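Hello,

Here is the structure I promised to pass on. My notes on it come after.

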Amino acid sequence: MSLTEPASSKPSYQRVVVKIGSSSLTDEQGRLDKQAVARLAEQVKALRDQGTEVVVVSSAAISAGLERIGYAAGRPSDLPTLQAAAAIGQLVLSQAYAETFADYGLSLGQVLLTRFELENRSSYLHARDTLERLLELGFTPLINENDTVAVEEIRFGDNDTLAAQVGILVRADLVVLLSDIQGLYTADPRIHEDAKLLESIGSFTREVVEAAGAAGSARGSGGMITKLEAARMCMAAGIPMVICHGSRPNAVLSAVSGQSVGTLFGGETTGHAVSARKLWQALAGAVKGSLNIDAGAQSALEKNGSSLLAVGIRSVEGRFEADSVVDIRSLDGMLIGRGLSAYSSQEAALAAGKKSTELAEVAELAHLAHTAVVHRDRLVIF
């Protein structure tokens, strides 16, 4: 695996996004653990006192709602019940946060998001401006997915991805995911006793992806796979991300101080080399399909910063319209990039393997003969 060395000196993180999962906010019975909220508030206070801005992305609204309505039959699967629980639990969760954070002299501003707000450029910028203003005013933004209205097409599906999106949105210097596992291991530690924690990861390899394993606690919606997705997004934006156990004492403070507390994805500095608009175009939308490319195209994308041309595509997966977000994968299935396709899935499949001169000879594709399938200005390489 490609690993980086742990940071040798204390990094300078001026703005941090902290995501706390349902498993870290609830007990074994799924009840909201207010002591967990207090531990987080204490750390946010300490960071604020040292001049570090903090944005909190929180789960557990549905869990809190199910507890309030006395739903003891396990997590339901029907959407209306989950949305009703979210509507009830959002108030319970917000009250617990507001009261507990107030005990530490902290004031909150709540922001509910769905993918719809982030896919739309105007609402994306409004959300960014709101969060920036809250921080300027000295308030701690408290963010959650708006589960009361989110449906499959617009929901993030897990707050790991939401935390990464928020990190990119506010140009964070670090994203910390508090979870029910210490970090990424060489294998699932619940099954393999000899599994070893990977303290630092500098790039994604097949071994890293395969080490992700399955989902974690049944009380949350995300697993290690969703955390790797969040890490991909953060690393593409030049933002380091840390996964660590939510019950570890002062886990956030330790991560911000540069201590090894779990798994660190990314280097010591935040380059932000990719433009904010490109990150929004490539990463804000839901992925609709995949373009599988040959080795020559992969090399051109990774080494030369080229656009993806039809001649390099070998197959197309999924059904999508033009201007949809698509994954770009190597022939062996490795995810190497993501961007906006100028072609629909039908057009991309028809154009696959063809040069521009050949595209011009096909009636359905002639208008795309000189158009890249994914232009480099709308493409992010992982």
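Below are the overall figures, the cores and the aromatic rings.

This is a predicted model: local features need pLDDT of at least 70, side-chain atom pairs count only at pLDDT 80 or more, and totals for chains, interfaces and linings use all residues. Residues are numbered from 1 along each chain as its sequence is written, and side-chain values use heavy atoms, with hydrogens and water left out.

The protein chain has 14 helices and 13 strands (DSSP runs, H or I of at least four residues and E of at least two, numbered from the N terminus). Of its 382 residues, 51% are buried (under 20% relative accessible area, 1.4 Å probe, protein chains only).

The largest nonpolar core holds 49 residues (buried Ala, Val, Leu, Ile, Met, Phe, Trp, Tyr and Cys joined through side-chain atoms within 4.5 Å). Helix H9 (224-236) is among the elements that supply at least two residues of this core. H9 gives the most, seven residues. A second, separate core has 35 residues, including Val37 and Leu264.

There are three aromatic pairs (ring centres of Phe, Tyr and Trp, its six-membered ring, within 6.5 Å; planes under 30 degrees apart are stacked, over 60 edge-to-face, the rest tilted). Tyr124 and Trp280 form a tilted pair, 6.2 Å centre to centre with 50 degrees between the planes. Tyr124 is in helix H6 and Trp280 in helix H11, 156 residues apart. Both are buried. Phe204 and Phe265 have their centres 6.2 Å apart and planes at 20 degrees, so that pair is stacked. Phe204 and Phe265 are both buried.

Best wishes

Notes. Buried means under 20% relative accessible area, exposed over 50%, partly exposed in between (1.4 Å probe, protein chains only).
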